[in-house]
Amino acid sequence: MDDPPGRVRTAPVTARTGGDLRCTVAAGVSGGLAGGPGPQEDRPVSPAENLGTPGHELEQLRHFEGLLSDLCCPATPDPEAAEGEIAGLLQRICVFFEADHCGLFESFPGAPEIQAVTLHHGRGLKRQPLEVLATRHPWAYRLLVEQGDPVAFPRLDALPPEAAVDRASWEQRGVRAALILPLAVGGRATHAIGLWCTRGEREWPSDCVRRFRVLGEILGTRLLHRHQHGALLRSRHELTEAQRLAHLGSWEWDLVGGRLRGSEEFWRIFGIPPQDSGAFREDLLDRVHPDDRQAVERATNESMSRPGLPYSLEHRISRPDGTERVVDARGMVTFDENQRAVRMIGTIQDVTERKRAEEQREEALDELRRLKERLEAENVYLRQEVASASGFSGIVGRSDAIRYVMYRIRQVAGTEATVLLTGETGTGKGIFARALHQASGRRDKPFINVNCAGLPSNLIESELFGREKGAFTGASARQIGRFELADGGTIFLDEIGELPLELQAKLLKAIEDGEFERLGSPHPVRVDVRVIASSNRDLEEETRKGRFRKDLFYRLKVFPITIPPLRQRREDIPLLVAFYVDKFCKKHGKRIDRISADTMEDLQGYAWPGNVRELVNMVERAVIVADAPVLRFPERLDAVASDEGGGPGGLEERQELRDLSRMNREHILKALADTGWRVEGRHGAARLLGVHPSTLRARMRRLAIRRPQIA
């Protein structure tokens with residue numbers, strides 16, 4: 001039964017919008033939804049109403065079907081272009097329903113408003129901000145957002161009492177009639193479409209609502225597809241960007257059809273434009289490095305012949321620009337019910353930078369290991385040096401001979417020339433070698449002292465040049481040699497004349513080329529080392545006798561320096577004695593204030609076959625046994641000479657010294673006998689011999705000359 005005219009009612013109309021969402025249209029209608037318009041003189045005539053003209057209904061239906069067709073068949077799949085297309089559709093919807101405004105809205109969970117996405121305003125009409133706010137339109141907001149129901153009113157006084165706030169807000173904006181339908185996108189009412197009338201009131205008959213709902217559903221579906229398409233594009237962009245950042249490409253190979261499809265990064269890794277390749281082996285397998293191609297084919301064939309066996313291989317590829325890349329390829333083969341390989345999918349990752357980083361890391365680790373070994377070897381060497389220190393702390397002397405040696409050292413120190421130090425045993429050749437190193441540009445680098453005479457002949461090669469683990473029996477660890485330890489610095493080959501003849505050729509190559517091989521290793525080692533050698537032998541005579549290589553001798557003798565023996569620098573003896581007396585007094589806790597003139601005269605008169613080393617040993621013994629502040633030597637110098645041995649010239653020269661000592665003793669005895677054993681005075685033996693009486697007494701003590709006892 002129809003309601004009486006003039007009565008406002010709320011009519012529930014059930015429909016679906018988008019998915020399964022059911023909506024209720026609350027439409028205030030005068031005279032029923034199926035009837036004609038009420039007394040509204042300023043309202044434009046809507047084609048959606050029944051005008052009673054069959055021709056008009058057909059024309060209206062034709063326009064509606066055209067609008068449906070345009071909505072169902074989008075002109076462009078491009079999301080950016082779809083914005084303008086939707087705006088055009090809203091304009092046509094607004095014209096079709098002869099409304100003043102039409103808008104597409106979007107709501108966000110928890111947001112206090114339904115924001116306009118696209119709005120269309122009729123020609124000549126003021127643009128209206130038509131958002132539905134929770135604070136200004138609580139009734140409409142609750143229906144649309146919270147309940148998913150449509151909102152419709154033909155005039156403001158048709159609104160229910162609970163919509164008083166909404167009515168005031170719409171009245172303020174000049175809205176006189178509205179129809180708003182929620183749209184379900186993805187199963188949830190996230191959008192809405194609405195018609196507004198600002199120039200007059202507007203009835204919303206059932207045909208009008210039904211058609212508007214159909215258009216809204218189609219537009220909602222369009223929005224859903226647009227959202228899905230946008231999400232797909234974003235996902236694809238994110239995947240492409242992730243692959244680009246990770247240098248990881250994906251690929252799919254149709255083993256039946258022989259076609260290969262790959263991602264953008266896949267083709268970028270190979271350095272060729274993207275393509276739908278039908279010739280995998282011809283186009284891509286040829287890009288594999290020739291040395292790795294066989295391994296790639298073998299791994300591919302194994303994966304295609306054995307179900308469940310993944311394809312995994314790291315290999316190189318050659319790109320068209322001539323560069324090489326290292327890739328990590330992985331894949332899995334899909335088999336049909338007949339166990340036939342039909343498809344292969346996988347990834348390929350450019351790991352060139354990672355491999356380079358790993359190689360650099362390995363090089364850095366090798367360098368750290370090498371430096372560690374070198375540091376450990378230096379520590380061991382320094383401990384050995386400290387343990388075997390001879391007590392020399394510097395060059396002491398002001399004689400012309402020493403000054404000339406220092407002049408020669410200053411001449412050659414600034415060069416890289418090889419220096420050969422020659423001199424008798426005990427002259428301190430090692431001290432002068434250190435002085436040369438300290439005066440050179442390598443002073444901040446290692447100084448490595450190698451005593452060639454003190455190394456066993458079977459180990460001297462490994463000590464000089466190093467060895468690998470297992471190079472010979474007992475070589476349980478890798479060891480770097482003294483040459484490698486001295487890299488950048490100076491190596492001092494003391495007593496090089498003792499070096500075995502078979503090792504001299506390898507030493508010559510190391511000196512000339514700066515290159516050698518460790519024992520047990522075929523790989524050469526390059527070093528930058530300055531060589532200083534020394535010998536107490538006559539190396540030139542040794543070459544004539546075939547005991548020393550002539551080419552090595554001349555290579556060493558670039559700049560020879562001869563260290564003078566102590567007997568040629570007697571004026572330095574007081575300085576040396578004073579220096580070492582002070583040193584050994586501190587060492588042994590003794591106090592010696594002076595040295596007698598007779599003792600010093602005896603020291604200067606002695607031939608010192610053991611040179612400075614003999615003097616140092618004798619001074620230390622005298623300090624140890626001293627029980628008075630005056631230094632005296634407990635033994636005779638001739639006896640010391642026979643005990644120390646090892647003087648210049650070997651046995652023949654020592655025999656000459658003994659003969660000279662015996663002649664001096666006989667000469668003094670004859671002078672004493674002629675003077676009646678009177679030492680000083682006008683008729684004393686000292687005057688007869690032309691020496692000071694104290695000197696004569698000292699020589700008598702040294703030669704064990706005593707006055708015979710009268711029976």
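## Aromatic pairs

Rings of Phe, Tyr and Trp (its six-membered ring) are taken to pair if their centres lie within 6.5 Å, and planes under 30 degrees apart count as stacked, those over 60 as edge-to-face and the rest as tilted. By that rule, a search of the whole structure, which is a predicted model, finds 15 aromatic pairs. In one of them, the ring centres of phenylalanine 97 and phenylalanine 212 are 5.4 Å apart and their planes stand at 80°, so the pair is edge-to-face. Phenylalanine 97 lies in the loop between α2 (79-96) and β3 (101-107), while phenylalanine 212 lies in helix α5 (residues 206-246), so the pair ties together parts that are 115 residues apart in sequence. Helices (H or I, at least four residues) and strands (E, at least two) are DSSP runs, numbered from the N terminus.

Both phenylalanine 97 and phenylalanine 212 are buried, where buried means under 20% relative accessible area, exposed means over 50% and partly exposed lies in between (1.4 Å probe, protein chains only). Phe96, Phe97 and Phe212 form one aromatic cluster.

## Basis and confidence of the model

Residues are numbered from 1 along each chain as its sequence is written, and side-chain values use heavy atoms, with hydrogens and water left out. Because the model is predicted, local features need pLDDT of at least 70 and side-chain atom pairs count only at pLDDT 80 or more, whereas totals for chains, interfaces and linings use all residues.

The pLDDT, which is the predictor's confidence in each residue on a scale from 0 to 100, averages 77 over the protein, and 79% of the residues score at least 70. Confidence is lowest in strand β2 (residues 22-24), at a mean of 31, and highest in strand β14 (residues 419-422), at 94. Over residues 1-52 pLDDT stays under 50, although the model has 114 contacts beyond four places in sequence for them, a contact being heavy atoms within 4.5 Å. Residues 386-393 also stay under 50, with 8 contacts beyond four places in sequence. Where pLDDT is low, the predicted coordinates should not be read in detail.

## Overall make-up

The secondary structure of the protein comes to 23 helices and 22 strands, and buried residues make up 43% of its 711 residues. Of the contacts with a separation of 6 or more, 63% are between residues 24 or more positions apart.

## Nonpolar cores

A nonpolar core is a set of buried Ala, Val, Leu, Ile, Met, Phe, Trp, Tyr and Cys residues joined through side-chain atoms within 4.5 Å. The largest such core has 32 residues, and those with the most contacts inside it are Leu464, Phe483, Ile491, Leu493 and Ile496. Two or more residues each come from β15 (447-451), α12 (460-465), α13 (482-485), β16 (490-494), α14 (501-513), β19 (530-535) and α16 (550-556), and α14 gives the most, with 5 residues. Apart from this core lies another, of 27 residues, among them Ile93, Phe97, Leu215 and Leu223.

Beyond its neighbours up to four places away in sequence, isoleucine 491 touches residues including Ile448, Val450, Phe483, Val531 and Ile532. Isoleucine 496, in the loop between β16 and α14, is buried with a relative accessible area of 0%. With sequence neighbours again left out, isoleucine 496 touches Cys452, Leu507, Ala533, Ser534, Ser535, Leu539, Phe548 and Leu556.

## Helix α19 and asparagine 611

At 1.5 Å a residue, the 15 residues of helix α19 (residues 611-625) should span 21 Å, and the end C-alpha atoms are 22 Å apart, which agrees; the expected span is 1.5 Å times one less than the number of residues. Buried residues in α19 include Val612, Leu615, Met618 and Val623.

Asparagine 611 is also in helix α19 and, at 0% relative accessibility, counts as buried. Leaving aside neighbours within four places in sequence, asparagine 611 is in contact with Glu424, Thr425, Gly426, Thr427, Pro565 and Leu566.

## Cysteines

With a disulfide taken as a pair of cysteine sulfur atoms within 2.5 Å, a search of the whole structure finds 0 disulfides. For cysteine 94, the nearest cysteine sulfur is that of cysteine 102, 5.6 Å away, and cysteine 94 counts as buried at 3% relative accessibility. The sulfur of cysteine 208 is 9.1 Å from the closest cysteine sulfur, in cysteine 197, which is too far for a bond; cysteine 208 is buried, with a relative accessible area of 0%.
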